[in-house]
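Look at the sequence and the structure shown below.

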Amino acid sequence: MFAAERRQLILEMVRANGAVSLRELARVVQTSEVTVRRDVRALEAEGLLDRRHGGAVLPGGFTRESGFPQKSHLATAEKTAIADLAAGFVEEGEAIVVGAGTTTQELARRLARVPGLTVVTNSLLVAQALAHANRVEVVMTGGTLRGSNYALVGSGAEQSLQGLRVSKAFLSGSGLTAERGLSTSNMLSASVDRALVQAAAEVVVLADHSKLGTDTMFQTVPTDVITRLVTDEPPAHDDRAGTELQALADQGVQIAVAGSSGGATGNPGAPGAQVAGGDSGPARQQRRDVPVPGPRRQVPGAAAGLRSATALGEQNPGAERARVADLRRR
């Protein structure tokens, strides 16, 4: 197949799906990923598509949202590493909310091992991942099913979250910038994510480095409400992602950086790096935390005295167990 034919087929696939992985492109055009990557660079230079780590997407920051089949093949190693690390921030007996997305689905698979956990979610994929976890209680919102990402959205989902109080919210999205925070390209999804944030005392965003510096239509979580970002190590040549990470840290967001399965980030003995402990899968991930320069603003709607389950458990384990039991009775 000539280069012009390959590139036309690649362009048609991206236009049809919104986002396609390099692996899938190489399979369809029957060539190597190295050749496909070169074709994608050429198409990007013509302004016909944008490169993302591990794939290609429609050009521009305000593109339509790609569906679950396409997202599930993008940055899979990075999502796995992020989920491994994020699971370490969940404590036994906590009550949390988990939003929709392929990265949060990976997180849910790891949460199945956390005893006494209560997970509130609007995602069918998150619920499915936890369905057979004997020691985890799953609470689903109401709402209308959105087939492209298997999430419940609309007024029913938002109303079912009213009055809910949990310690942490774990969310993903389509883009993250220091200026606007987390954003998505779908209005209904954004509205439900905002309701999930209202219920939590802390907000943890899961986003691989390809989403850093990308801005999409609907803001879900302003930067000053994000407690922590869990991401992967950007490539050395990705100046945009590195700049965005620094800007987020400057605004008080705690940054936890995980290594991918292709190689751990940093050096376990290096300053500012530490190995995440616990049962986090076959590969032990690296974590680098950028400390918060000042206290985070309390999320609107969260109870004034609500603290993380870790702090509550250290000071009064009985009170924490009673709080979780009360939530389950509601």
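This is a predicted model: local features need pLDDT of at least 70, side-chain atom pairs count only at pLDDT 80 or more; totals for chains, interfaces and linings use all residues.

Residues are numbered from 1 along each chain as its sequence is written, and side-chain values use heavy atoms, with hydrogens and water left out.

## Two helices

Helices (H or I, at least four residues) and strands (E, at least two) are DSSP runs, numbered from the N terminus. A residue is called buried under 20% relative accessible area, exposed over 50%, and partly exposed in between, with a 1.4 Å probe and protein chains only.

Helix α6 spans residues 102–111 and is mostly covered, since 9 of its 10 residues are buried. Among these buried residues are Thr102, Leu107 and Arg110.

Helix α10 spans residues 239–250. From its first C-alpha to its last, α10 reaches 16 Å, close to the 16 Å expected at 1.5 Å a residue; the expected span is 1.5 Å times one less than the number of residues. Which residues of α10 are buried? They are Ala241, Glu244, Leu245, Leu248 and Ala249. Seen down the axis of α10, these buried residues fall within an arc of 135 degrees, so they line one face of the helix. The arc is that of the directions from the helix axis to the C-beta atoms. An α-helix has 3.6 residues a turn, so residues three or four places apart point the same way. On the face of α10 turned away from the buried side are the exposed residues Asp239, Thr243 and Asp250. Glycine 252 follows α10 and has a positive phi, near 100 degrees.

## Salt bridges

Side chains of opposite charge can pair when their charged atoms come close. A salt bridge is counted when a side-chain nitrogen of Lys or Arg is within 4 Å of a carboxyl oxygen of Asp or Glu. How many salt bridges does a search of the whole structure find? It finds 7. The table lists some of them.

| Pair | N to O distance |
|---|---|
| Aspartate 39 and arginine 7 | 2.9 Å |
| Aspartate 84 and arginine 110 | 2.4 Å |
| Lysine 168 and glutamate 94 | 2.7 Å |

The salt bridge between aspartate 39 and arginine 7 links distant parts of the chain, with aspartate 39 in helix α3 and arginine 7 in helix α1 (residues 3–17), 32 residues apart. Aspartate 39 is buried, at a relative accessible area of 0%, whereas arginine 7 is partly exposed, at 26%.

The salt bridge between aspartate 84 and arginine 110 also links distant parts of the chain: aspartate 84 is in helix α5 (residues 76–87) and arginine 110 in helix α6, 26 residues apart. Aspartate 84 is buried, with a relative accessible area of 7%. Arginine 110 is buried, with 12%. Asp84 and Arg110 belong to a network of salt bridges that includes Glu106 and Arg109.

The salt bridge between lysine 168 and glutamate 94 joins strand β9 (residues 166–171), which holds lysine 168, to the loop between α5 and β4 (95–98), which holds glutamate 94; the two are 74 residues apart. Both lysine 168 and glutamate 94 are buried.

## Loops and a surface patch

Most residues other than glycine have a negative phi, and most peptide bonds are trans. Glutamine 30 has a positive phi, near 60 degrees. Glutamine 30 lies in the loop between α2 (22–29) and α3 (33–45) and is exposed, with 73% relative accessibility.

Tyrosine 150 has a positive phi too, near 55 degrees. Its loop runs between β7 (144–146) and β8 (151–153). Tyrosine 150 is partly exposed, with a relative accessible area of 35%.

Tyr150 is also part of a nonpolar surface patch with Leu124, Met140 and Leu145, and together they have about 330 Å² of accessible area. Patches are made of residues with over 30% relative accessible area and no salt bridge; like charges are joined within 9 Å, and nonpolar side chains (Val, Leu, Ile, Met, Phe, Trp, Tyr) within 5 Å. Accessible areas come from the Shrake-Rupley method with a 1.4 Å probe, and for residues, only the protein chains shown count as cover. Leucine 124 is in helix α7 (residues 124–130) and is partly exposed, at 33% relative accessible area.
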